[in-house]
Amino acid sequence: MNASFEFVMHADEVHKSFGLLHVLRGVSLDVRLRETVCIIGTSGSGKTTFLRCINHLEKIDSGLIEVNGHPIGYRERKGKLVEDRERNISRQRTEIGFVFQRFNLFPHKTALENVIEAPVHVRGVSKDQAIAEAETLLARVGLGDKKDAYPGKLSGGQQQRVAIARSLAMKPALMLFDEPTSALDPEVTGEVLDVMEELAHAGTTMIVVTHEMGFAKRAADRVVMMDEGVIIEEGSPEHFFESPTHERTKTFLSKIL
Ligand code: ADP
Ligand code: MG
């Protein structure tokens, strides 16, 4: 058991390069239980890479990332951190929900079938129980009447809400959202943000990369600004609206607000 267990997510001095490109240059961030943290920052600043490292879709070069007190992708053996087996990594990954820009639902499965897929096949939940839980979740994201619809018959906003329900179905300790509305038509952005806001207020622990500052203001406990692979500023949403201190934050906000 680790001292940092009070944090659902604990990142300390994370570095990550792709070849010669040093993308993450010492990212440290702690996220507490029930906290919603929004990450903002210019394109290319490393936001997606950081989320992918948290979920161990990318291996970090140095530093540490723990989820619920366990180092992601590594385990301790004889006092040293050694790389974990793929099987353990997969199991750890089920603790983390990841909602992407693109929803990647199974096109040949209904909304309900998409949501029960992982609980049944990965968690071994009985089909009846998975269906009951999926129906509750689909109702929660406002799609109780669309459970038998195929993704192709749903709007982008509806598909993204199914994707959120699908992630929640695994009862993750932590939800990661990577610009979940940036690929959507503006008229359906709000319905997805509303669902995320409800999750935040219900106490879901979430890290959300987004430039939707209205959402951040309503839902975030904290906002962090990433720039060139480091966090350059962090504070309350009000801080970012009213008195950002860093020049680059001011420039960035003046462009998106
Ligand atoms: P953001 O999400 O903030 O826009 P990314 O994390 O996607 O930024 O990318 C940060 C930098 O890392 C960019 O320059 C991007 O081109 C580069 N990058 C991301 N993934 C890879 C990869 N798999 N291979 C090489 N370069 C990558
Ligand atoms: Mg990105």
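In this predicted model, a polar side-chain atom of T49 lies 2.5 Å from an oxygen atom of ligand 1, a polar contact being a pair of N or O atoms within 3.5 Å. Backbone atoms take part as well: a polar backbone atom of G44 is 2.7 Å from an oxygen atom of ligand 1, and a polar backbone atom of G46 is 3.0 Å from an oxygen atom of ligand 1. On its own, ligand 1 has 560 Å² of accessible area, of which the protein covers 59%; these areas come from the Shrake-Rupley method with a 1.4 Å probe.

The shell around ligand 1, that is, the residues with a heavy atom within 4 Å of it, consists of F18, L21, V23, T42, S43, G44, S45, G46, K47, T48 and T49. Helices (H or I, at least four residues) and strands (E, at least two) are DSSP runs, numbered from the N terminus. By residue class, the shell divides into 3 nonpolar, 7 polar and 1 charged, where Ala, Val, Leu, Ile, Met, Phe, Trp, Tyr, Cys and Pro count as nonpolar, Asp, Glu, Lys and Arg as charged, and the others, Gly among them, as polar.

The pockets were found on a 1 Å grid over the protein atoms alone, a pocket being an open set of points where a 1.4 Å probe fits, with protein on both sides within 12 Å along at least five of seven lines, and lining residues having an atom within 4 Å of a point. A volume is the space filled by probe spheres set on the points.

| Pocket | Volume | Residues nearest the centre |
|---|---|---|
| Largest | about 500 Å³ | I96, A118, R166, S167 and M170 |

The largest pocket is lined by 20 residues, and the elements that give two or more of them are α2 (86-93), β8 (96-99), α3 (111-123) and α5 (156-168). The largest share of this lining, 5 residues, comes from α3, and the lining divides into 9 nonpolar, 8 polar and 3 charged residues.

Overall, the protein has 9 helices and 12 strands. Its radius of gyration is 18 Å, close to the 18 Å that the globule rule gives for 257 residues, so the protein is as compact as a globular protein of that length; the radius is taken over C-alpha atoms, and the rule is 2.2 Å times the number of residues to the power 0.38. Along its principal axes, the C-alpha trace spans about 50 × 50 × 35 Å.

Residues are numbered from 1 along each chain as its sequence is written, while chains are lettered from A and ligands numbered from 1 in the order in which they are written. Local features need pLDDT of at least 70 and side-chain atom pairs count only at pLDDT 80 or more, whereas totals for chains, interfaces and linings use all residues, and side-chain values use heavy atoms, with hydrogens and water left out.

Notes
A polar contact is a pair of N or O atoms within 3.5 Å; within protein, one must be able to donate a hydrogen and the other to accept it, and residues adjacent in sequence count only if both atoms are side-chain atoms.
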